[in-house]
Amino acid sequence: MFKPTVRVKAEGDVKVHKRGAPSSRYPHRLNFYDNPPTLDITLDEFETAALTRLRVLTYLEALSQRSLPPAQLSSTLAAYLKQHLPLSSNTARSADLEAERRLDAIGHWVLRLSFARSPELRARFVRAETALFKHRFETDDAAERAHFLASLQLAWDTVGDTEKSHFARELRATMWWAKEDAFAAETWFKVPWASVPDLVAQRRVFVRKGMAYVPQSMQISLVLQAFSARLEAALELTAKNLPRLDEDERLAPVIDHLASSFLSGLAGAEFTPSDSTALVTAEMVDDVARKHFPPCMLNLYERLKRDHHLKHFGRLQLGLFLKGIGLPLDEALVFWRRMYGAAMSDDKFNKEYRYNIRHSYGQEGRRANYPPRSCQQILTSHQPGTQDAHGCPFRHFGPDNLQTLLASYRIERGSAEMKDIMDSVKASAYHVACTRLFEVTRGIKRGEGVGGGESVTHPNTFTKRSQEIESERLEAAKA
Ligand code: SF4
C-alpha cells in the first residue's frame with residue numbers, strides 16, 4: 001500500500017526540474033499507477049495534489065451527468081484539464097514533464113487512500129479515474145500510446161492467421177462496416193469474454209468457448225477493462241490496510257475530508273468577493289434576490305420575509321452569503337432589523353442579534369472574517385431538521401416542495417427542463433441540477449454552466465455570474 005512519507009515544507013525547499021525530456025520515473029504520459037511514488041512529499045504537496053485531482057474528478061463526474069454530445073464533452077474536458085491538471089506528451093519541449101507527472105501521480109495515490117474506505121466510494125473512484133484515463137488515452141499521441149501499451153505487457157492472446165481464416169465469416173460479421181482491405185489488415189486478440197462486457201453486450205465481438213475475439217481497433221475497451229480491474233483490486237487491498245493509516249494524525253483528517261467532498265460530488269470551493277464587487281444596500285436585497293439568488297438563498301430569504309425569523313444555521317448561511325454579494329455591515333444591520341419586523345423590540349434585537357451580525361463581519365470576538373459557505377459545506381454539514389430553512393433545496397427538499405420552489409424560477413411542472421433537473425436530483429447530482437437551473441433560467445447553452453463549462457459550486461458564484469450576465473446583456477443592448 002502507498003504509505004506516504006510526508007514532511008512539512010521547510011524554508012529553502014526548492015525543486016529543480018529539468019524541462020523537456022521525460023524522466024525514468026515517468027517515461028510515459030499515460031499511467032496505470034502500478035507503482036506508488038517512493039518520494040518525500042511535503043504536507044502542502046500532499047494536499048494540493050489531492051485537491052487538484054479531486055476537482056478534476058468531480059468536474060468530470062458533473063460533465064458526464066450533463067448529457068453533452070461526445071465532441072463537446074471531450075473539448076470541454078480537455079480545456080479544463082489543460083488549465084488544472086495538464087499532462088503533456090513527451091514531445092512537448094516547453095512543459096515541465098516531471099512536475100506535471102509527479103502532481104498527477106501523487107494526486108491519484110492520495111485519493112486512493114481516501115476512496116478505498118467504502119464500496120460506494122471505491123466504485124465511484126474507479127468510474128471517474130477510468131473516464132479520465134480514457135480521455136487521456138484517446139487524446140494521446142499515437143506513437144507514445146503504442147510505447148505505453150507495449151510497456152504494460154498485457155497478456156492478450158493474438159489470433160493467428162489460420163484461426164482468423166477459419167472464423168473469417170464470423171469475424172467479418174462483427175466488422176461489416178469495414179472495407180475488405182481494412183478487414184484483411186486487422187489484428188485480433190482473444191480474451192475472456194467477461195473482460196469486455198461492453199463489447200459483448202453490444203454484439204460487437206465474436207464469442208466462442210468463453211473467449212471474445214476483439215479487433216485492435218477496439219483495443220480501448222481492453223485497455224480500459226485492464227485499467228479498472230487493476231485499480232479495483234488495488235483499492236480492495238488498500239481498504240484492508242487503512243486502519244494502519246488512520247493512526248497518522250496529520251494525514252487522517254485530510255483523507256477524511258477528501259472522501260466527504262467526493263461523496264457530495266464537489267470539491268471545496270471558496271468565494272472571495274473581488275474589489276469590484278458592487279455595494280448592495282438593504283433596500284436592494286429584494287430586487288437582487290428575485291433576479292439572482294440560487295434556490296438555497298431564495299428559500300431562506302422568502303422564509304425570513306414570511307416568518308420574520310430564521311433559526312441559527314439559516315441566519316448564518318444567509319448572512320454570510322449577503323456579506324459575499326456586497327452588503328456592508330451597516331446595511332446588514334438595517335436589513336436584519338427590518339426583516340425581524342415590529343414584533344421584535346429594538347432592545348431584543350440589540351441584545352440578541354446585533355452582536356452576531358457584527359461577529360460574522362469580523363467585528364466582535366476573534367474578529368475572524370468568516371467566508372460565505374460553499375455548496376459542499378451547505379450540502380454536507382448541519383443537516384436541517386423539519387423546522388429549519390437552511391441547506392440545499394436540491395438535496396434537502398422533497399420532490400413536491402422542490403418543484404414548487406423551482407416554479408418561482410418559471411420552470412413549469414412537467415416541462416422538459418423540470419424533468420432534466422429532477423433527473424439530476426434523483427442521481428444525487430445536486431450541483432448539476434443547480435447548474436442546469438442556472439443555464440435554463442439565464443438562457444445559456446447546455447454545458448456552459450456558470451462559464452467555461454464550470455458547475456455551480458458556490459451560491460455566491462451563482463449570483464455573481466448571474467449579475468455579470470445581466471450587465472453584459474444590458475451593455476450589449478445599449479451598444
Ligand atoms: S447547489 Fe449550491 S447554490 Fe445551488 S441551491 Fe444547492 S447549495 Fe445553493
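Strand 4 (residues 188-192) and strand 6 (residues 211-215) run antiparallel to each other and are joined over five bridges. In this pairing, Trp188 sits opposite Pro215 of strand 6. Please keep in mind that the model you are looking at is predicted.

The two strands belong to an open sheet of four, ordered 3-4-6-5, with antiparallel pairing. Strand 3 (157-158) and strand 5 (206-208) are at the edges with a single partner strand each, so one side of each has no neighbour in the sheet.

Now for the chain as a whole. The protein chain holds 22 helices and six strands. Its C-alpha trace spans about 95 × 60 × 50 Å along the principal axes. Of the 479 residues, 33% count as buried. Among contacts between residues at least 6 apart in sequence, 72% link residues at least 24 apart.

The domain assignment divides the chain into domain 1 (19-151 + 225-263), domain 2 (152-224) and domain 3 (282-478). Between the centres of domain 2 and domain 3, taken over C-alpha atoms, lie 54 Å.

Next comes the ligand. Around it are 14 residues, of which Pro294, Cys296, Cys375, Cys392 and Cys434 come nearest. By class, this shell has 13 nonpolar residues, one polar residue and no charged ones. At least two shell residues each come from helix 13 (295-307), helix 17 (375-380), helix 18 (393-396), helix 21 (430-442) and helix 22 (459-478). Helix 21 gives the most, with three residues.

In the unreviewed UniProt entry, the annotation "binding site" covers Cys296, Cys375, Cys392 and Cys434. These four span 139 residues in sequence, yet no two of their C-alpha atoms are more than 10.2 Å apart, so they gather at one spot.

Two of these cysteines can be set side by side. Cys296 is found in helix 13, while Cys392 is in the loop between helix 17 and helix 18. Both contact lists below leave out residues up to four places away in sequence.

| Residue | C-beta neighbours within 10 Å | Residues touched |
|---|---|---|
| Cys296 | 28, buried | Ile378, Gly391, Cys392, Pro393, Pro459 |
| Cys392 | 25, buried | Cys296, Cys375, Ile378, Leu379, Tyr430 |

The cut-off for burial is 20 or more other C-beta atoms within 10 Å. Cys296 therefore counts as buried with its 28 neighbours, and Cys392 is buried with 25. Cys296 and Cys392 also touch each other.

How values were computed:
Residues numbered from 1 in each chain as written. Predicted model: local features only at pLDDT ≥ 70, side-chain atom pairs only at ≥ 80, totals over all residues. Near = placed C-beta within 6 Å. Nonpolar A, V, L, I, M, F, W, Y, C, P; charged D, E, K, R; others polar. Pairing = 2+ DSSP bridges. Buried ≥ 20, exposed ≤ 12 C-beta atoms within 10 Å, placed from the backbone. Contact = placed C-beta atoms within 7 Å. Domains from an automatic or database assignment. UniProt positions renumbered as here; feature names shortened; annotations may be inferred.
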